[in-house]
Amino acid sequence: MIRTVALVGHAGSGKTTLTEALLYKTGAKERRGRVEEGTTTTDYTPEAKLHRTTVRTGVAPLLFRGHRVFLLDAPGYGDFVGEIRGALEAADAALVAVSAEAGVQVGTERAWTVAERLGLPRMVVVTKLDKGGDYYALLEDLRSTLGPILPIDLPLYEGGKWVGLIDVFHGKAYRYENGEEREAEVPPEERERVQRFRQEVLEAIVETDEGLLEKYLEGEEVTGEALEKAFHEAVRRGLLYPVALASGEREIGVLPLLELILEALPSPTERFGDGPPLAKVFKVQVDPFMGQVAYLRLYRGRLKPGDSLQSEAGQVRLPHLYVPMGKDLLEVEEAEAGFVLGVPKAEGLHRGMVLWQGEKPESEEVPFARLPDPNVPVALHPKGRTDEARLGEALRKLLEEDPSLKLERQEETGELLLWGHGELHLATAKERLQDYGVEVEFSVPKVPYRETIKKVAEGQGKYKKQTGGHGQYGDVWLRLEPASEYGFEWRITGGVIPSKYQEAIEEGIKEAAKKGVLAGFPVMGFKAIVYNGSYHEVDSSDLAFQIAASLAFKKVMAEAHPVLLEPIYRLKVLAPQERVGDVLSDLQARRGRILGMEQEGALSVVHAEVPLAEILEYYKALPGLTGGAGAYTLEFSHYAEVPPHLAQRIVQERAQEG
């Protein structure tokens, strides 16, 4: 029996600590590692140890009672969306960790939504109850946010201290001491509550099975194996979401959680059927010793060392088969559906690449989760000449590892921009470049302003130059009109300018429009009409008319009421209801226009339009505004006129810059 499960949830929900407990309890490790000591199996990268949080999905293979479970410990910060979505693509089910202390957070809902879109069965594990929190209030929050959740564990308290679990299904209590489980009495004061929850569980399960529902409505008792079978089937079909209770720190409920994973979550065959091998690269990592390591999920089929797979880029041979265990690769003699494999020296494999034997699979056969566009830009500057020389190759490696980053050259400002999903994401990208031997600095990007005109104007541009022999002569009369987009019209009649110069004249206008008259920014939103002019039989040329057109454009634009434009972005902010007022006030202070609000689960969503200049560093402000529970997305909307007092300052600053 094989299960492949993505362990997801908000940062700080105890995923890595739970993974360590599972490795330890199943005998895969002799000692539990600790996040704060940098000794965990799945947080093995230098960046994870430095920041004490998961930044790349780690693979933890477990063996339990002869069965194999591949646990994919994914990052919790939304910054690492590429890693989170890759883990969910590679899994057959999602185990969503929720801290009892913190409750449902942005990371909880985002991971849940992606798993839902991928059609994955889901389970919730409530962690950190020993740190505090109201378990029953959390259940209500989960129910209102996530859907038909089904608590199968209740907390067992002694003297106000959490010491174990009450199994709702069987009405039994289990106390834990030093990680060891022993059966205990259900406290008298809890019996009524346990019975009530047991009845809720019973009714929820029978509603998913017509045969059991009929028996139940006829008054027959529904218990035992039939009920458990219906429960597991409902979970696999995504009709119910069980909520378990566990502590990786105190090793409470760890093995019962593993049993539930094996019993209730689907096998690879149930999801993908039988057939020839089908796999996908869900993650790529550059290792200083093993080169580029590609992580594959085998969805169906079997592989042996020496087998080959087909890809869009050609044949891929697998001389050895390795199972990842954190940073290590453990050689195996065979892999079957559900296995996660690590392929070293895989320079030809890229994230998202599909591998197969036999006929090429249809696209819908392979899970796919689209990566959202990054929303935080920084200008990237190599520190020295050596760094500049090595930068291209280092960036190639970085983007190969993390395609959720985006690199672009900003034409208007000449800056090289690196876009990421947050401050931590960009910080780890910078550290990764350092690992590749390249030092860079980040700065706040310049805003790509534009210029336009607000009224119609016309005038002459004349270029006349006489040197020995042939001279240069071009004469263009130009009208500029405001327009929604660029347009060019040739209104020359009577042959005052031969049509053979039309292309050169338009080229001159376009070239001049690359730098406006206010502050040297590109000009947009105008129509250029050439309506008169003159030429010389001998001295006129393409170059002369191109220069004349350029002179005409600059002269006429200065008379056409030029104004400065700034990029406006659509902003979507997710925040707890109680923090929405702070978010709205802040957006208004940033010259934002509020478009509307709505509710998404437990979170409020604010839609607004805000100038880019005001939100380049919004990622630094939002955590303080939302108590660390907020998130946002950005999308370009349009250009709008800069208020006059701000435009004047921008023009002055550009003049000082030369």
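Angles between axes under 35 degrees count as roughly parallel, over 145 as roughly antiparallel, 65 to 115 as roughly perpendicular, and the rest as oblique. This is a predicted model, in which local features need pLDDT of at least 70 and side-chain atom pairs count only at pLDDT 80 or more, while totals for chains, interfaces and linings use all residues. Residues are numbered from 1 along each chain as its sequence is written, and side-chain values use heavy atoms, with hydrogens and water left out.

The axes of helix α8 (residues 224-236) and helix α9 (residues 254-264) cross at roughly 80 degrees and come within 9 Å, and α8 and α9 are therefore roughly perpendicular to each other. Here axes are lines fitted to C-alpha atoms, for helices over the stretch in contact, with angles running from 0 to 180 degrees between N-to-C directions, and helices (H or I, at least four residues) and strands (E, at least two) are DSSP runs numbered from the N terminus. On the α8 side, Phe231, His232, Val235 and Arg236 meet Leu260, Glu263 and Ala264 of α9, where contact means heavy atoms within 4.5 Å.

Salt bridges, each a side-chain nitrogen of Lys or Arg within 4 Å of a carboxyl oxygen of Asp or Glu, number 46 in the whole structure. In one of them, arginine 479 and glutamate 458 meet at 2.8 Å, N to O; arginine 479 lies in strand β28 (residues 472-482) and glutamate 458 in strand β27 (residues 457-465), 21 residues apart. With buried meaning under 20% relative accessible area, exposed over 50% and partly exposed in between (1.4 Å probe, protein chains only), arginine 479 is buried at 19%, whereas glutamate 458 is partly exposed at 44%.
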